[in-house]
Each structure stands twice: as C-alpha cells, then as structure tokens.
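Hi,

Here is the structure for your files. My notes on it follow below.

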Amino acid sequence: YLLSTVVVFGLAAFTSNVQAQDLNTMKKQRETLKTSLDLFDKEIELLSEKQNNEKKVELANSLNRKADKTSDGFSKSDNVKNVANNAKDAARALKKSESANKDVLKSNNKIVDLEADVRKLKLKLDAMEYRVEVTQK
C-alpha cells in the first residue's frame with residue numbers, strides 16, 4: 001500500500017510539474033507573439049507616417065515658394081491700397097507656410113519616435129526565447 005501511495009504522489013507531482021512547464025512555455029510564447037504584433041503595428045504606423053511626411057514636405061515646399069514670391073513681389077507704389085493688400089497677402093502666405101513647416105516638423109519628430117520604438121521592440125524580440133514566423137499560404 002505504501003509503494004502505491006508513493007507512486008501516485010510521484011505521478012501527481014510529475015504531472016503538475018509538466019503542466020507548470022507547459023504553462024510557462026505558453027506564457028513565453030504569448031509574450032513573444034504580443035511583442036511581434038506590437039512591432040508589426042509600429043512598422044505599419046511608421047510607413048504610413050513616412051508617406052504622409054512626403055506629402056507634407058511637398059506642400060510645405062510649395063507654400064514656401066509661394067510665400068517667397070508674395071513677400072518679394074511687393075514694393076513701394078503710389079497706391080497705398082495696393083501696398084496694404086500686398087502686405088496682407090504676404091502675411092497670409094507666410095502664415096500658411098509657417099503652419100505647413102510646423103506640420104513637417106511634427107511629422108519628422110513622430111517618425112523619429114516610431115523608429116526608436118521599432119528598434120526597442122526588435123531588441124526585445126531578439127532577447128526572447130521564441131520566434132514568430134509569418135509565412136504566406
């Protein structure tokens with residue numbers, strides 16, 4: 001009777017140990033998968049922001065050229081009304097140009113932040129025990 005009791009307790013301990021190992025393995029795999037998904041999301045966001053940045057840079061360059069032309073083009077004239085209108089137009093163009101340049105700066109900063117996040121996630125994944133492989137069916 002004692003031998004069978006020892007075998008049952010030994011079997012129970014072995015089974016619980018195997019289940020604990022499986023649980024730990026599954027937790028590590030889940031963490032790897034979650035980190036990989038975070039990395040994919042950040043990479044998608046980074047690519048999207050880079051595309052938006054190109055459009056913002058083009059718009060800012062266009063507005064900068066327009067502002068330069070507008071501010072360079074007004075000079076003294078006999079007609080005070082024309083000078084005032086030209087000054088207003090130049091001020092509007094410069095304001096639009098400034099706003100576009102701020103948007104480009106914000107976008108550039110966001111790209112830098114996203115690139116840093118991607119680097120951190122890649123380092124974190126490299127340190128993990130498991131890998132996620134995406135394959136095409």
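The protein exposes about 11100 Å². Carbon and sulfur atoms supply 56% of that area. Keep in mind that this is a predicted model. Of the 137 residues, 16% count as buried.

The fold is quickly described. There are two helices and zero strands. Take the contacts between residues at least 6 apart in sequence: 85% of them join residues at least 24 apart.

Next, the core. The largest nonpolar core has eight residues: L39, L46, I111, L114, V118, L121, L125 and M128. Two elements, α1 (2–73) and α2, each give two or more residues to this core. The largest share, five residues, comes from α2. As a general point, nonpolar side chains in soluble globular proteins tend to be buried together.

Is L114 buried or exposed? L114 counts as buried because its relative accessibility is 4%, and the cut-off for buried is under 20%.

What does L114 touch, leaving aside its neighbours within four places in sequence? The partners are K42, E45, L46 and E49. With E49, the sequence separation is 65 residues, while the C-alpha to C-alpha distance is 9.0 Å.

Now the view from L46, another member of the core. Again leaving aside neighbours within four places in sequence, L46 is in contact with I111, L114, E115 and V118.

Best wishes

Notes: Residues numbered from 1 in each chain as written. Predicted model: local features only at pLDDT ≥ 70, side-chain atom pairs only at ≥ 80, totals over all residues. Heavy atoms only, no water. Helix = DSSP H or I, 4+ residues; strand = E, 2+ residues; numbered from the N terminus. Buried < 20%, exposed > 50% of the residue type's maximum accessible area, 1.4 Å probe, protein only. Contact = heavy atoms within 4.5 Å. Areas by Shrake-Rupley, 256 points an atom, 1.4 Å probe, with all protein chains shown as cover. Core = buried A, V, L, I, M, F, W, Y, C linked by side-chain atoms within 4.5 Å.
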